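Biologist: I am new to this structure. Please show me how to read it, one feature at a time.

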Amino acid sequence: MKYLAGYPPALLAQVQQLVATEGLSPLLRKRYPGPLHEVQTDRALYDYVSELKSDFMRKAPPLSKVAFDSKLHVIRNALGTHTTVSRVQGSKLKTKREIRVASLFREVPLEWLRMIVVHELAHMKERDHDKSFYALCEHMEPDYHRLEFDVRLYLTHLDSGGERLWASSLPGPAPGNTP
Ligand SMILES: [Zn+2]
């Protein structure tokens, strides 16, 4: 349950049960029937991010770069360990002018892409995964917490050997498992 570290034990027990009975796949497919979103290139991602940025973060400095990155680890480099306590995520989070999104998000429901983009935009203002950070995320996407949790469920599903659920025919290893 490494992708769900920090969540309440009762919830983890439920997820464990779902993993054991291979119930995560039907649950996620039912919640997100698809189809796959169309933001597939760095250019399309730039446009998508710019639109959200102009809706919510107009005053933030302009973005220098927006790209999908196949080397990014969703938890280690982006979502972090779930916690409401203020925590520094290493020294890597500088003032963010660049937005990199793990390639995994090319092949997920649009809501999840929106969630991760909102997360990265929020880092332009708030460095840590603390209360004000998540408040900003929720301001931009009221369903933020549910969406982030569902992404963690999906990563758990992939980690337990489950197949990618919205994969197109793109080659390459399952991005959630990148070391
Ligand atoms: Zn983060």
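Biologist: Where does E22 lie?

Modeller: First, some ground rules. This is a predicted model, where local features need pLDDT of at least 70, side-chain atom pairs count only at pLDDT 80 or more, and totals for chains, interfaces and linings use all residues. Residues are numbered from 1 along each chain as its sequence is written. Helices (H or I, at least four residues) and strands (E, at least two) are DSSP runs, numbered from the N terminus. Now your residue: E22 lies in the loop between helix 1 (9-20) and helix 2 (24-31). E22 is not a glycine, yet its phi is positive, at about 55 degrees.

Biologist: Is E22 buried or exposed?

Modeller: Count C-beta atoms, placed from the backbone: a residue is buried if 20 or more others lie within 10 Å of its own, exposed if 12 or fewer, and partly exposed in between. E22 has 12 other C-beta atoms within 10 Å, so E22 is exposed.

Biologist: How many helices and strands does the protein have?

Modeller: There are seven helices and two strands. Along the sequence they follow the pattern α-α-α-β-α-β-α-α-α.

Biologist: What share of the 179 residues is buried?

Modeller: Buried residues make up 27% of the 179.

Biologist: Which residues touch the most other members of the largest nonpolar core?

Modeller: The general idea comes first. In soluble globular proteins, nonpolar side chains tend to be buried together. A nonpolar core is a set of buried Ala, Val, Leu, Ile, Met, Phe, Trp, Tyr and Cys residues joined through C-beta atoms within 7 Å. Here the largest core has 31 residues, and F105, W112 and I116 touch the most other members. Helix 3 (42-56), helix 4 (74-79), strand 2 (98-102), helix 5, helix 6 and helix 7 (144-159) each supply at least two residues of this core. Helix 5 gives the most, with eight residues.

Biologist: What does F105 touch, not counting residues up to four places away in sequence?

Modeller: Two residues are in contact if their C-beta atoms, placed from the backbone, lie within 7 Å. F105 touches W112, L113 and I116 on that count.

Biologist: At what angle do helix 5 and helix 6 pack?

Modeller: Axes are lines fitted to C-alpha atoms, for helices over the stretch in contact, and angles run from 0 to 180 degrees between N-to-C directions. Helix 5 (residues 110-122) and helix 6 (residues 131-140) pack at about 135 degrees, with their axes 9 Å apart. Angles under 35 degrees count as roughly parallel, over 145 as roughly antiparallel, 65 to 115 as roughly perpendicular and the rest as oblique. Helix 5 and helix 6 are therefore oblique to each other.

Biologist: Which residues meet between helix 5 and helix 6?

Modeller: V118, H119, L121 and A122 in helix 5 meet F133, L136, C137 and M140 in helix 6. Sort residues by class: Ala, Val, Leu, Ile, Met, Phe, Trp, Tyr, Cys and Pro count as nonpolar, Asp, Glu, Lys and Arg as charged, and the others, Gly among them, as polar. The contact of helix 5 with helix 6 has seven nonpolar, one polar and no charged residues.

Biologist: How do helix 5 and helix 7 cross?

Modeller: Their axes come within 9 Å and cross at roughly 110 degrees. Helix 5 and helix 7 are therefore roughly perpendicular to each other. E111, W112, M115 and V118 in helix 5 meet Y144, L147, E148 and V151 in helix 7. By class, the residues of this contact are six nonpolar, no polar and two charged.

Biologist: At what angle do helix 3 and helix 5 cross?

Modeller: The angle is roughly 55 degrees, and the axes come within 10 Å. Helix 3 and helix 5 are therefore oblique to each other. Y48, V49, L52, K53 and F56 in helix 3 meet V117, V118 and L121 in helix 5. This contact has seven nonpolar, no polar and one charged residues.

Biologist: What separates the C-alpha atoms of P35 and W166?

Modeller: Compare the chain with space. P35 and W166 are 131 residues apart along the chain, but their C-alpha atoms are separated by 7.8 Å. P35 sits in the loop between helix 2 and helix 3. With 8 other C-beta atoms within 10 Å, P35 is exposed.
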